[in-house]
Amino acid sequence: MEAQLVRLLDETQLSQEGPRKNAEWQLKQQYSNTDFPLALTNIAAHNDIPINTRQSALLVLKTFVQACWSPQFDEFNGQLFADEARRAQVRQALLDLALSGRDDERKVKSAASLVVSKIATADFPDDWQDLLPTVLNVIGTGADAQLRGALKVLGELVEDCFNEEQFFKVARNLVGVVHEVAVNDKRRPILRALAVSVFRSCFDSLEMVLEDHKAAVKSFAEEILANWIPFFISTIRSALPPAASDEDEQDDNEAFELHRGAIALKLQAVKVLMRIRSVFPSTLTAHSQTLFSSIWEELSRLLPQYYALYIEDDRQGRLEDADGLPYTLDFLVLEELDFLQACLRAPPVRKSLEQQLQARGATVEGSWVTELIKLACGYSQITTEEEGLWDIDVNIFLSEEANVTANYTPRTACGDLMVKLGEWLNAASVEGLLAYTRSLYTTNASWKLKEAALYLLSQILSDYQDVEKKIGAEAAKGYVDFIQHAVQEESVFLRARGYLVAGSLTRTSGDALQSVAANFMQASLQAIDHDSSDIVKVSCIRALQYYLAALPPSVTVPKQAHIISALSGYLDTQDINDLTDSDDLLIAIIETLRDTILKDTSRCLTNGGLDLLFTIASKGATNFQIALMVAETFEEVASTISAIGAEQYAQLTARVVPSLNGAFDVATLTEENALANLSAELLSVMAENGTTPMPPGFVNSVMPRLNRLLLGSQDDELLRSATAAIKHMLNHDPDQVFAFHDQAGKGGLEVVLIIIDRLLNPSVVDNAASEVGGLAAEVVEKAGSERLGPYLVQLLRAVAVRLASAEQAAFIQSLILVFARLSMTAAQDVVTFLADTQINGQSGLNVVISKWLENSINFAGYDDIRQNIIALTKLYTLHDPRLTQIMVKGDLLAPKTDRIMTRSRARAQPDTYSSIPAQLKIIKVLVEELLSPSANGTSARELAAAELDPDEDDDDGDEWEDDGDGFVDLGTGMSKSQLMAFGEVEGSFGDDSAGGRGGRDDETQKYLEEFFRAQANEPGFADVFANLREEEREKLRAMGDA
């Protein structure tokens, strides 16, 4: 059997799909064979079988365990491997393999450890009682080769297998055994690092129970950390062996092993310290000054080696070993820089550093500030690897500049360090950086150091911009000479940095640089046209955004045409095939183009701005961010030009419509859905911002393509945008729409009705048809019953039938608004029509009203909410007995249980609601829409969302304790719920017309208050009031008292 399995395992690694899939299928057929798991284990333990096959055997075994070992696994297939004798054999064989003394089989032992942990999650401790004692015994007495496997198994147990009770029963013994390995300098450093890594995993278990057993857990932590923290400090202070040569690395010899192990051990020590700081900060506070000085000294010692390996040479970085332990110097430096920044927040460290600064008086130069900046500059230098990558692809450079990359390096860590320093010591950090930059130019330092100093300045300035802070005028002027030198240097990256800093400095210095800012801006434009480097050109394109934001229109508007010409010229030099993969470049260009156009939108009709906008749209339509910026820019152009007058809007349509029609045609030929979607969205934007009436011929020019798309496309986004475009055209110029005739001679009204009929068909998904309700409402309103004739009843019935099956919120809202808008003027007719309509054997009135009232509270958009509220008040004041008889979903009924509601229980016990009359539900909906008089425009729901979680503020929070100097951590200044509530209230997650429910609509609120005051005098309202919940009654009372 084993020979057959080896053959199948080898075939699973073939490149040909057919044989590979067949082998995988045959292996799964063996799941019912009771000898299968032990055979796989034997293959994995066989020394003569290739390593990759043995690994594959363990991978298949892990899959088998998840599928057949225990019902507690999510992957369990129902076929339980229940042979207890064989289960015990498999467990022991796997444990023997993981703890074997062979040191040349790391990958096999790691895979075996993983399978052991999987089985242990099901069998430990009840069916595998000797597992932990065996592992701990090997860790305490075994040879190095055995120790590694034992630590891997223990690490997996700590991470995946222990529950809270099990962990605390063995925690003291476990931590003690691991500590003995970590401090034993006779053990190999890499094994000591692995032991520290296991110790770090223990903090997850400690953190989980900290809230419920704070005193006991803190006491235990302080007891064990009393031994560990001195060890971590001595580890950080220990000298790092000389870096291994390339030959040593390739040979994996003793010198390389020693260097790798020492880095891994130091790095794990720092990682544990960071973990202690996050879970038990008070324990670390007493050691914070020692740790701060030790880390600083360590980073100073490591800088020459880091420089030689990564800035002069191009050594491979970001490497981990088979056990997942990082072991390259860049990883260690990165971790230590982060910990250095953390130490700066410790109150004892901060107090000491502030005292040192105060003792020096007003002089920052030569202080610890400049020394720290010197260290940060050293690690901020561009590495050889970054040079190569940025030279090859400017998109990588731009993603780093825009901070949209996940690549976190020592350079970016130093930028973060400078930002935190600047937040704490505003003036001192800028003065210290200026002093150090000055010294670099007086000592003729390398271009990399000069660039690093300016890079750190750019990070500080970026933070200043984010918090609307200004750099001092004297400091800003002090950098002018350095910028002028930088842009004339031979190094591409220093030139690029000079242009970027010039723009950023202009943006954050107020009027301090007005005398030179225009020259800086002109220099950037010249560089886009004439510099030989793409890196410099794209840097200048980004820098233009800063000038456009900072300089007055008198300076920027005259340069609008030059900027657009420069951007267009640069885009023309790029290979069109490369641009499909150049999202970051296109984003940088369109951001600058957007800022340029919006300085004076009226000029974009003649200066090429719109042409360039559509060129970028055609190349980047598949990128969501690019498409969004194109649409937002065009929306601003259309709205502002339309506001100027009909003549200017007609000129806009004359320029834009041919381009959009051309894009539709190209998209049809090339099957580029993204381009068609964007074109439809832009057309919708133009129609929405149209004049009344629309320019002559507008509908005739766009309607044929819209009609073809709406009757033939299956794309959700395209159908939504195209439907919205026709809806807006009907709103602005119904006569022109109705006067349209297609090639078959059908009139505009008939064409629109056919479109509506198609979109209301259940075969069109809710998301695609979400705008059809708005279109139907416009047709009913603009065509009227006289023009629609018998089609009106058919249309309304079709809307009601589709509403019955609709599920998507936006679609439901759009369909309901057809009846809501009619109800505003003819509520009785709507009720009668629906009562006379049958939908799937039910009264149409029952179906529509139930859906209407159930979804009203989720409506979005000021206009739609206002129309819905007015319609509901009209329905209520009818007091129609047909409405009173309808029972709808009322309040949520709380489950009668104190058990935690898991997902499975929630599925088994779905939410239940009371059943109440529709008239009462209308009042409940209207009360919910009523803002609290004391809430400054914030509903009760939003106030609740914005409340601070009382558990968020704790003495073991993100900052180290006793930090009472007023330092604000912008990263934790607001809770998530506060930010979300703020976004809803301010409308920052969507525009007013289509966004959330936040913010005030005074007109609607006044209408609601008048409605309730009028109803309060009606004889039957007291009974309705009595049936409201107490909080609803209180809301109405508060309104009456206001």
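**Close-ups of a predicted model**

**View 1. N840 sits in the loop between strands β1 (838-839) and β2 (842-843).** N840 isn't a glycine, yet its phi is positive, near 50 degrees. Most residues other than glycine have a negative phi. With a relative accessibility of 70%, N840 counts as exposed, because the cut-off for that is over 50%.

**View 2. H879 is found in the loop that runs between helices α45 (862-878) and α46 (881-884).** Here's another positive phi in a residue other than glycine: the value for H879 is near 50 degrees. Its relative accessibility is 43%, so H879 counts as partly exposed.

**View 3. F124 and P125 are joined by a cis peptide bond.** Omega for the F124 to P125 bond is near 0 degrees. As for where to look, P125 is in the loop between α6 (106-123) and α7 (131-141). Most peptide bonds are trans.

**View 4. The bond between T692 and P693 is a cis peptide bond too.** Omega is about 0 degrees for this pair. You'll find P693 in the loop between α36 (673-688) and α37 (698-712).

**View 5. E778 is a buried residue in helix α41 (residues 772-788).**

Notes:
Residues are numbered from 1 along each chain as its sequence is written. This is a predicted model: local features need pLDDT of at least 70, side-chain atom pairs count only at pLDDT 80 or more; totals for chains, interfaces and linings use all residues. Side-chain values use heavy atoms; hydrogens and water are left out. Helices (H or I, at least four residues) and strands (E, at least two) are DSSP runs, numbered from the N terminus. Buried means under 20% relative accessible area, exposed over 50%, partly exposed in between (1.4 Å probe, protein chains only).
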